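Let's take a friendly walk through a protein model. Please have a look at the sequence and the structure first.

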Amino acid sequence: IFNKNKESESLEKFYIETAKLLNTKPNNIAFANSATDAFSRALSSITFQAGDCIITSDDDYVSNQFAFFSLRNRYKIQLIRTQNLENGDIDLADFEQKVVQYRPKLVAITHIPTNTSKIQDVVSIGKICNKYDTLYLVDACQSVGHMPVDVQKIGCDFLSATGRKFLRGPRGTGFLYVSDKVLQA
């Protein structure tokens, strides 16, 4: 039997607990049907125009790449990939040089890529994005619930994740963190 009050309480608790998990406030969290849904919502909230640029890496999740290709085809944006060092880490010097050169509308990085399990330095990347006032989207599907993820330390504008992996939630659950800066824009 559906109990509206109990369902409302559960949903409210979801926002509170997810906010605690990420070191933010409940009004910075949006429930989604999956991490891909959350990632897509972040992308759809950005007003892209012809000539805009997205900087990402070679280690991004496949569905994220499909979304970027769609944006490239629809808006004629540039998709630039930052280099990795020999050990798989994102080359921060190359990354910053590309941010300066291309002035991206968005930087999108996968915290722990599925295909390598390498933990990327999303905090240092966030500092560079904030230095140049660049929107920053982190795919944390493989990290939330597996390790501490603090959006205040990362300095991201968006963070997408799933509920079903390390959080042990059901399929069909995900969430999106959105920064105060984006919410107030």
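Which unit do S4, helix H5 and S5 make? Together, S4, H5 (residues 122-131) and S5 form a right-handed β-α-β unit. Right-handed says that, with the strands pointing away from the viewer, the path from the first strand over the helix to the second runs clockwise. Helices (H or I, at least four residues) and strands (E, at least two) are DSSP runs numbered from the N terminus.

This is a predicted model, where local features need pLDDT of at least 70 and side-chain atom pairs count only at pLDDT 80 or more, while totals for chains, interfaces and linings use all residues. Residues are numbered from 1 along each chain as its sequence is written, and side-chain values use heavy atoms, leaving out hydrogens and water.

| Strand pair | Bridges | Example of facing residues |
|---|---|---|
| S4 (residues 106-110) and S5 | five | Leu106 and Leu135 |
| S5 and S6 (residues 158-162) | three | Leu137 and Phe158 |

Four of the five residues in S5 (residues 135-139) are buried, meaning under 20% relative accessible area with a 1.4 Å probe, protein chains only.

Ile54 counts as buried because its relative accessibility is 0%. Beyond its neighbours within four places in sequence, its contacts (heavy atoms within 4.5 Å) include Phe48, Gln78 and Leu106. Gln78 is 24 residues from Ile54 in sequence, yet their C-alpha atoms are 6.3 Å apart.

Lys98, in helix H4 (residues 92-102), is also buried, because its relative accessibility is 11%.

Note on methods:
Buried means under 20% relative accessible area, exposed over 50%, partly exposed in between (1.4 Å probe, protein chains only). Two strands pair if DSSP finds at least two bridges between them.
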